[in-house]
Amino acid sequence: MSNERTQVKAPATPNERPETARSTFDLTTKPDAFLGSDFVFGAYAEAASVVLTSYHELSTRAASHWYHNDKVQDARDIIWTEPTAVQKTTHGNAKDATEYGAYAIAFLIAAALDFVVVGRSEQGSGCDWIMRRASGGTETFKLEVSGIAQGGSPGSRLATKVKQGQTGTLKAPGLAVIVRFSEVSLHSEDWT
Amino acid sequence: MNAIDTYYNDPSHRRSEEAAVKAERAVRAKQRQEAERFYREAAEAELTVAVRVGDDGSEPVLRSLFAVSTVALFFKAKDFAKARNSAYLFLARPECLSSDGRDELEGLLAKIAREASLKQLMTEQPNAAALDLVLSGGQVGHGLIASRATIPRREAFQSLVDRAWELKGGRDFRRRGISTANVLLLEQATYSGSFGLRFIIMQKDERPNPSNDEPSARDVASYILELAKLATTSPDHLKDEVEDPAYAKAFLTAFRDLAADGKAIGSITLGYAATFDESVTLSHTVREQITTTLRTLDDREATPIRLEGVLKVVHLRGSEPKIGIEDLEGKYHELRIERGTQDDTIGAKVNRHVIVQGVKDLERDGERDNWAHDVQVAED
């Protein structure tokens, strides 16, 4: 479904596009496509910033590698705000920070795929994010997210998340996103 | 504005989302009471929206999402009475819910009943400790598992509890006979997407303070998790921590028997019930590492052996305990077992298809003996 929405092309090399023209995944501002509060986005963006900083200490910007439905997407830089010492302490548990930080990046990916994240829906364990299309309509979509600090297998995690997304209270189409923070590799897949 | 935006943009829902995020933060900071307070706040706010969503039956999916969310938030707040009441409130109008929503609410009711009964037990027995062992992956289904995969693990866990109590209580290593540990191991019915075994350890007698030198049920549970951490990160360190090699071997053997085999069971997690605090993962790799460490505990010069077949005979009496295996070609093999190391768990494996890992001693009283170190039920 998303292949109709997203243009698939090889990533641009740095020489082909000036730095300023590169699209970004911007964690410093709540995207319009996330309807929740600044507080909620900020909490997850903060966790993402802490994990990103642990792998990219000298900058608050890094090139991401995004694959949607196994195809390479537009090269985008991810930008974030340098976390404070207090924020680093708050997100001291790397496992949790990775999971929560992945939410913020997933919201940005959902926005890039023309979804609007309307809100959170609690589950017995964890939560689901509910989306609709940016163009409107009443169809409901699910967003399933998982984060990996480094290593691991994003491919198999993605397959698990897609499978998980296809079950539960809401049997609906959706999007699964896996974020591997060490080299900012982003993997997304939709299901109908 | 469509129905999705209307209800999700309701200020009460946004308040609920913020409180839920604050609750998650408190959980991460191990501030349990704070977390429960925020979850309760989130649940109350969500409920005010949920009852209005599709109350004319026009939005069953959306109503189900809000209903499940409300009940799940009360559940996470450990307010089981309100969780149950709100579930009944929504289920009382089934025509307003989707069938998946009804199933999910009924599933939550089962979870609520289980956690509420544990909470009640913990109130009556404040010194009891509950641990969850969750088996997942491999051939584990949705709340289903082959009983041959659970039987040896129940035995291994019982052994772990007895041995942990005995060592903490300063007892010498028990080489034979029944444990005199003053703790009772109970099991609670489970409800799980994977498969969960919930063990409750409590004191056998009702004296408030049985004896100062006796470990409590909580001491035993915390010691088991401490040992499990060592067994999964570095089995060699467990050997150093537990100075008595017989105890070290017994603990490592029990953790090995609990661990996943990589085929029938992909992964096993052990931690405090419901919260999974201090949880450890007993993977197939951990099982292999422990087996390697167990071999090093045996200082005799030996070569590894592997045998597959049916366990036909177990002799635990006498000076040389033995087991007998009929291999896949019908040939009978006798192997010795170390006294006291497998007595707790071997019985459940008789007449089962097993894989034996062990060693052939090159030098032991001038004879060549086969020793079985790990008798694993072949669960595929």
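Begin with the largest nonpolar core of this predicted model. It holds 89 residues, and A:Ala106 and A:Val117 touch the most other members. Helix α3 of chain A, residues 94–112, supplies the largest share of this core, twelve residues. Look next at A:Ala106 itself. Leaving aside residues up to four places away in sequence, A:Ala106 touches A:Leu143, A:Val145, A:Val177 and A:Val179. There is also a second, separate core, with 54 residues. B:Ala156, B:Ala164, B:Ile268 and B:Leu282 are included in that second core.

Now turn to where the chains meet. Chain A puts 23 residues into the contact, and chain B puts in 25. On the chain A side, the elements giving two or more residues are α1 (38–55), β5 (115–122) and β6 (127–133). β5(A) gives the most, with five residues. By class, the chain A side has seven nonpolar, eleven polar and five charged residues.

The axes of α2(B), residues 11–28, and α3(B), residues 32–50, come within 8 Å. They cross at roughly 160°. Angles over 145 degrees count as roughly antiparallel, so α2(B) is roughly antiparallel to α3(B). The crossing of α2(B) and α3(B) is left-handed.

Which residues meet across this pair? From α2(B) come, among others, B:Ser12, B:Arg15, B:Ala19, B:Ala23 and B:Val27. From α3(B) come residues including B:Glu34, B:Phe38, B:Tyr39, B:Ala42 and B:Val49. By class, the contact of α2(B) with α3(B) has eleven nonpolar, four polar and five charged residues.

Terms used: Residues numbered from 1 in each chain as written. Chains lettered and ligands numbered in written order. Predicted model: local features only at pLDDT ≥ 70, side-chain atom pairs only at ≥ 80, totals over all residues. Axes fitted to C-alpha atoms, helices over the stretch in contact; angles between N-to-C directions. Helix = DSSP H or I, 4+ residues; strand = E, 2+ residues; numbered from the N terminus. Parallel < 35°, antiparallel > 145°, perpendicular 65-115°, else oblique. Left-handed = near helix turned anticlockwise from the far one by under 90°. Contact = placed C-beta atoms within 7 Å. Nonpolar A, V, L, I, M, F, W, Y, C, P; charged D, E, K, R; others polar. Core = buried A, V, L, I, M, F, W, Y, C linked by C-beta atoms within 7 Å. Buried ≥ 20, exposed ≤ 12 C-beta atoms within 10 Å, placed from the backbone.
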